[in-house]
Amino acid sequence: MFDLHQIEEFLAVVECGTVSKAAEKMNITQPALSRSLQNLEYELKTPLFTPSN
């Protein structure tokens with residue numbers, strides 16, 4: 001089950017526009033944030049972001 005921290009991380013990415021900027025804002029590494037988002041996607045069984053061209 002996902003937790004509130006994962007939702008906060010997701011919202012940080014939305015607010016900052018990129019995973020890198022969100023990771024910097026949250027004082028965590030970009031790979032750690034990416035893994036957390038992948039886990040959230042898995043738990044929710046849906047993609048959180050659509051690829052941009």
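Phe49 is partly exposed, with a relative accessible area of 36% (buried means under 20%, exposed over 50%, and partly exposed in between, using a 1.4 Å probe and protein chains only). This is a predicted model, where local features need pLDDT of at least 70, side-chain atom pairs count only at pLDDT 80 or more, and totals for chains, interfaces and linings use all residues. Residues are numbered from 1 along each chain as its sequence is written, and side-chain values use heavy atoms, with hydrogens and water left out.

**Phe49 and its neighbours**

- You will find Phe49 in the segment after helix H3 (helices are DSSP runs of H or I with at least four residues, strands are runs of E with at least two, and both are numbered from the N terminus).
- Leaving out residues up to four places away in sequence, Phe49 touches Phe10, Val13, Val14, Leu37 and Glu41 (contact means heavy atoms within 4.5 Å).
- Val14 is 35 residues from Phe49 along the chain, and their C-alpha atoms are separated by 9.4 Å.

**Where H1 meets H3**

- Helix H1 covers residues 4-16 and helix H3 covers residues 30-44; they pack at an angle of about 115 degrees, with axes 10 Å apart (axes are lines fitted to C-alpha atoms, for helices over the stretch in contact, and angles run from 0 to 180 degrees between N-to-C directions).
- That angle makes H1 roughly perpendicular to H3 (under 35 degrees counts as roughly parallel, over 145 as roughly antiparallel, 65 to 115 as roughly perpendicular, and the rest as oblique).
- The two helices H1 and H3 cross in a left-handed way (the near helix is turned anticlockwise from the far one by less than a right angle; clockwise would be right-handed).
- On the H1 side, the residues that meet H3 are Gln6, Ile7, Glu9, Phe10 and Val13, and their partners in H3 are Leu33, Ser36, Leu37, Asn39, Leu40 and Glu43.
- The residues of this contact divide into 6 nonpolar, 3 polar and 2 charged (Ala, Val, Leu, Ile, Met, Phe, Trp, Tyr, Cys and Pro count as nonpolar, Asp, Glu, Lys and Arg as charged, and the others, Gly among them, as polar).

**A closer look at Ser36**

- Ser36 sits in helix H3 and is buried, with a relative accessible area of 13%.
- Which residues does Ser36 contact, leaving aside its neighbours within four places in sequence? They are Gln6 and Glu9.
- With Glu9, the side chain of Ser36 makes a side-chain polar contact at 2.3 Å (a pair of N or O atoms within 3.5 Å; within protein, one must be able to donate a hydrogen and the other to accept it, and residues adjacent in sequence count only if both atoms are side-chain atoms).

**Where H1 meets H2**

- The axes of H1 and H2 come within 8 Å and cross at roughly 125 degrees, so these helices are oblique to each other.
- This crossing of H1 and H2 is right-handed.
- H1 residues meeting H2 include His5, Glu8 and Cys16, while Val19, Lys21 and Met26 are among the H2 residues.

**Two residues with positive phi**

- Asn27, in the loop between H2 (19-26) and H3, has a positive phi of about 60 degrees although it is not a glycine.
- Asn27 is exposed, with a relative accessible area of 70%.
- Lys45, in the segment after H3, also is not a glycine and has a positive phi of about 60 degrees.
- Lys45 counts as exposed too, at 73% relative accessibility.
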